[in-house]
Amino acid sequence: MAPEPGLLSRTDPGEFVTVLSAQDRDDLFHIGRRRRWPAGATLFSEGDRSTTVVLVISGRAKVFSLTAQGGEVLLAIRGPGALVGEMSALDGAPRSASVAALEPLEAYVVGVTAFLDFLRTHPDAAVRIVRMIVSRLRDADRKRVEFGTYDALGRVALRLAEMAERFGADAERGVRITLPFTQDELAAWTGSSRESVTKALRTLRRQGIIETGRRSVSVIDLDRLRDRAR
């Protein structure tokens, strides 16, 4: 069963579902089953054997990996329209990362065998997934460069600017980031300590670039935030 049209209108631009043709999209949803997860729930874990891919319809999830010391490295945020779990589905290797819901999440779950059959019979969708993977690899390379060339304040500013652009909503003052996240998660995404993130947020707040509340951030001056990131 395909999702109702209203759900598809809320997909994040450029995600996998949005670049498929209407027929390919309907065929893909037809072979999946709809499922919901509460905030904080794990969709799958690093090291698991791959049996499914997940197409996010509503809500957002984080993709992360755990270090040997038990710390968390946040690799990406995936929202409506995103495909997750495709890497291990394609190469047959164990999951390379974990995925957990940041907020209540709804998605279509497709078995790996059915997904691979879909790609074999829908060549345009297969090309689209290659382009998506290349784009994600480019983004990962760019973030590795950031880790080596930007200080903690610069990396925090970069991620806040990205979140404002991807997950921002117009507010009375500036742009409010609608994605729920903790300082620990921001630290995991920027490769920084929680103390460094706290200090960076304090600096940006003191400079009038952002305002913060309980698990919320509003960007008051996005241009200045981008400049500080650079």
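1. The model is predicted, and its confidence should be read before its details. The protein has an average pLDDT of 90, with 96% of the residues scoring at least 70. Among the elements of the protein, the lowest mean pLDDT, 54, belongs to helix α1 (residues 5-8), whereas the highest, 97, belongs to helix α5 (residues 112-121).

2. Helix α7 (residues 152-167) and helix α8 (residues 183-190) have axes that come within 9 Å of each other and cross at roughly 110°. Because angles of 65 to 115 degrees count as roughly perpendicular, α7 is described as roughly perpendicular to α8. On the α7 side the contact is made by Arg155, Val156, Arg159, Leu160, Glu162 and Met163, and on the α8 side by Leu186, Trp189 and Thr190. Sorted by class, this contact of α7 with α8 comprises 5 nonpolar, 1 polar and 3 charged residues.

3. Helix α7 also holds Glu165, a residue that counts as partly exposed because its relative accessibility is 48%. Once the neighbours within four places in sequence are left aside, Glu165 is in contact with Leu222 and Arg226. With Arg226, the side chain of Glu165 forms a polar contact of 2.8 Å.

4. A further point concerns Glu165 and Val175, which are 10 residues apart in sequence and whose C-alpha atoms are 8.8 Å apart in space.

Notes: Residues are numbered from 1 along each chain as its sequence is written. This is a predicted model: local features need pLDDT of at least 70, side-chain atom pairs count only at pLDDT 80 or more; totals for chains, interfaces and linings use all residues. Side-chain values use heavy atoms; hydrogens and water are left out. Axes are lines fitted to C-alpha atoms, for helices over the stretch in contact, and angles run from 0 to 180 degrees between N-to-C directions. Helices (H or I, at least four residues) and strands (E, at least two) are DSSP runs, numbered from the N terminus. Angles under 35 degrees count as roughly parallel, over 145 as roughly antiparallel, 65 to 115 as roughly perpendicular and the rest as oblique. Contact means heavy atoms within 4.5 Å. Ala, Val, Leu, Ile, Met, Phe, Trp, Tyr, Cys and Pro count as nonpolar, Asp, Glu, Lys and Arg as charged, and the others, Gly among them, as polar. Buried means under 20% relative accessible area, exposed over 50%, partly exposed in between (1.4 Å probe, protein chains only). A polar contact is a pair of N or O atoms within 3.5 Å; within protein, one must be able to donate a hydrogen and the other to accept it, and residues adjacent in sequence count only if both atoms are side-chain atoms. pLDDT is the predictor's confidence in each residue, from 0 to 100.
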